[in-house]
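Thanks for asking me to look this over with you. Please keep the model open while you read, and take the points one at a time.

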Amino acid sequence: MSRTRDPDRLVLFTDAVVAIAITLLVLPLVDLVPEVKAHGGHAASVITEHRQEIFTFLLSFVVIANFWMGHHRIFEHVRVYTTGIMRLNLLWLLTIVVLPFTTEIVGTFDSNRFVAGVYIGTILVLSVCQSGLAVMVRGHKELESPDNPVSDRELVGSLVLTGFTLIAFLLGSLVPGVNFYAMLLLLLPTPVMRLWRVKHPDRPRSHTGVQS
């Protein structure tokens, strides 16, 4: 493994792509303004008559921001990167870039199982990639910083989020009438992890992955 593979370059590229993706989220809302004006609508109707589009924008912004912060925390533990990490990170970025597209589908079409499945499925792939990055780095003596290893809390938290996202995807895409209500399950990882931390307080972990 090349020791010259500084993760900073990969992180900077990732941050740039995420920034572009977040910017693209707002463009459909920007396009609404001249459309409303052309149809003789009032300025207030841009908001009052397009609440669905505004909600999906805010939701996707929060989703991307949360996953970006999680990605940032993972790469704080990385000292060098491999081809495997780079490829998985590119898949993570692909999902981030696709999210504005699925957001536009949500804002344009009526809510149904297909629309919910496409949107929640995108988030599921994103979560799987992020959990995969955490698993790849944790305990890997070539990748993981010995002074700042991936903690149990971070790894378990990522896997718990992926698990709840999988359940939400199955409910939203398969159960009639559930649709986007399934995303309420994504509120549960936080209280679950609080309970887990009470029962499993953080302990120092050696570079080999064994708790001291």
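1. Let's begin with a definition: a residue is called buried when its relative accessible area is under 20%, exposed when it is over 50%, and partly exposed in between, using a 1.4 Å probe and protein chains only. With that in hand, Glu-154 counts as partly exposed because its relative accessibility is 22%.

2. A word on what you are looking at. This is a predicted model, in which local features need pLDDT of at least 70, side-chain atom pairs count only at pLDDT 80 or more, and totals for chains, interfaces and linings use all residues. Residues are numbered from 1 along each chain as its sequence is written, while side-chain values use heavy atoms, with hydrogens and water left out.

3. Now the overall picture. The protein chain has seven helices and zero strands; here helices (H or I, at least four residues) and strands (E, at least two) are DSSP runs, numbered from the N terminus. Its C-alpha atoms fill a box of roughly 65 × 40 × 25 Å along the principal axes. Of the 212 residues, 40% count as buried. The accessible surface is about 12,000 Å², and 67% of that belongs to carbon and sulfur atoms; such areas come from the Shrake-Rupley method with a 1.4 Å probe, and for residues only the protein chains shown count as cover.

4. How do parts of the chain meet? A contact means heavy atoms within 4.5 Å. Among contacts in the protein chain with a separation of 6 or more, 80% are between residues 24 or more positions apart.

5. Next, look inside. The largest nonpolar core has 42 residues, and those with the most contacts inside it are Ile-64, Phe-75, Ile-85 and Trp-92. Such a core is a set of buried Ala, Val, Leu, Ile, Met, Phe, Trp, Tyr and Cys residues joined through side-chain atoms within 4.5 Å. Two or more residues come from each of helix 1 (7-38), helix 3 (51-75), helix 4 (83-108), helix 5 (113-137) and helix 6. Helix 5 gives the most, with 10 residues. As background, nonpolar side chains tend to be buried together in soluble globular proteins.

6. Phe-75 touches Pro-7, Leu-10, Val-11, Ile-85, Asn-89 and Leu-133, not counting residues up to four places away in sequence. His-71, in helix 3, is buried because its relative accessible area is 2%. Beyond its neighbours within four places in sequence, His-71 is in contact with Thr-14, Asn-89, Trp-92, Gln-130 and Leu-133.

7. Back to Glu-154, which is found in helix 6. Apart from neighbours within four places in sequence, Glu-154 is in contact with Arg-73, His-77 and Pro-149. Its side chain forms a polar contact of 2.9 Å with that of His-77 and reaches the backbone nitrogen of Ser-151 at 3.0 Å. A polar contact is a pair of N or O atoms within 3.5 Å; within protein, one must be able to donate a hydrogen and the other to accept it, and residues adjacent in sequence count only if both atoms are side-chain atoms.

8. How many salt bridges does the structure hold? There is one, where the term means a side-chain nitrogen of Lys or Arg within 4 Å of a carboxyl oxygen of Asp or Glu. Asp-152 pairs with Arg-138, and their closest N and O atoms are 2.7 Å apart. Because Asp-152 lies in helix 6 and Arg-138 in the loop between helix 5 and helix 6, the pair ties together parts that are 14 residues apart in sequence. Arg-138 is partly exposed, with a relative accessible area of 23%.

9. Finally, visit Asn-179, in the loop between helix 6 and helix 7 (189-199). Is this residue buried or exposed? Asn-179 counts as buried, because its relative accessibility is 13%. Its side chain reaches the backbone nitrogen of Arg-113 at 3.2 Å. Asn-179 also has a positive phi of about 50° although it is not a glycine. Leaving aside neighbours within four places in sequence, its contacts are Ser-111, Asn-112, Arg-113, Ala-116, Ile-120 and Gly-172.
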